[in-house]
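Me: I'm new to reading protein models and would like a close look at one part of this one. Could you walk me through it?

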Amino acid sequence: QVQLVESGGGLVQPGGSLRLSCSASGSVSSIYVMGWYRQAPGKQRELVATTTNGGSTSYADSVKGRFTISRDDVKNTVYLQMDSLEPEDTAVYYCNMILRRLGTDVRRNYWGQGTQVTVSS
């Protein structure tokens with residue numbers, strides 16, 4: 001069994017910063033893609049940022065230059081540093097990983113439970 005556990009959400013004023021973390025626990029063999037998605041009330045879930053085990057990263061246009069994704073493969077953890085936060089960034093943020101479990105050859109998609117980020121004065 002694999003579980004993704006997120007932390008770091010909360011309430012912050014516009015212009016402030018938050019750092020989200022997400023760690024995978026359980027029988028993890030390899031993690032290929034780590035990413036963050038978000039869903040605001042009444043909107044569809046959208047991609048925020050991803051990072052691959054090859055070292056490439058990608059970002060939604062709305063967060064480029066403000067958010068930074070990074071990963072620690074020893075800890076099976078992905079981070080999202082969010083700076084210059086705006087009210088439009090308010091959403092539930094979900095961690096996502098494409099990984100292979102020990103003893104299998106299949107890559108599967110896993111999701112965290114979500115963490116609330118609220119940007120408000």
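Me: Does Leu47 count as buried, partly exposed or exposed, and why?

Reply: Keep in mind that this is a predicted model. Leu47 counts as partly exposed, because its relative accessibility is 36%, and that class lies between the cut-offs of under 20% for buried and over 50% for exposed.

Now for where to find it. Leu47 sits in strand 5, which covers residues 46–52. Leaving aside residues up to four places away in sequence, Leu47 touches Trp36, Tyr37 and Ala60. Take Trp36: it is 11 residues from Leu47 along the chain, and their C-alpha atoms are 6.5 Å apart.

Let's zoom out a bit. The protein chain has 11 strands and zero helices. The radius of gyration is 14 Å, close to the 14 Å that the globule rule gives for 121 residues, so the chain is as compact as a globular protein of that length. Of those 121 residues, 40% are buried. Looking at contacts between residues at least 6 apart in sequence, 56% of them join residues at least 24 apart.

Four strands make up an open sheet, in the order 1-3-8-7, with antiparallel pairing. Its edges are strand 1 (2–7) and strand 7 (67–72), each of which pairs on one side only. On average, neighbouring strands in this sheet are turned by 15 degrees against each other, ignoring direction. Strand 1 pairs with strand 3 (residues 18–26) over six bridges, in the antiparallel sense.

Notes. Residues are numbered from 1 along each chain as its sequence is written. This is a predicted model: local features need pLDDT of at least 70, side-chain atom pairs count only at pLDDT 80 or more; totals for chains, interfaces and linings use all residues. Side-chain values use heavy atoms; hydrogens and water are left out. Helices (H or I, at least four residues) and strands (E, at least two) are DSSP runs, numbered from the N terminus. Buried means under 20% relative accessible area, exposed over 50%, partly exposed in between (1.4 Å probe, protein chains only). Contact means heavy atoms within 4.5 Å. Two strands pair if DSSP finds at least two bridges between them. Axes are lines fitted to C-alpha atoms, for helices over the stretch in contact, and angles run from 0 to 180 degrees between N-to-C directions. The radius of gyration is taken over C-alpha atoms; the globule rule is 2.2 Å times the number of residues to the power 0.38.
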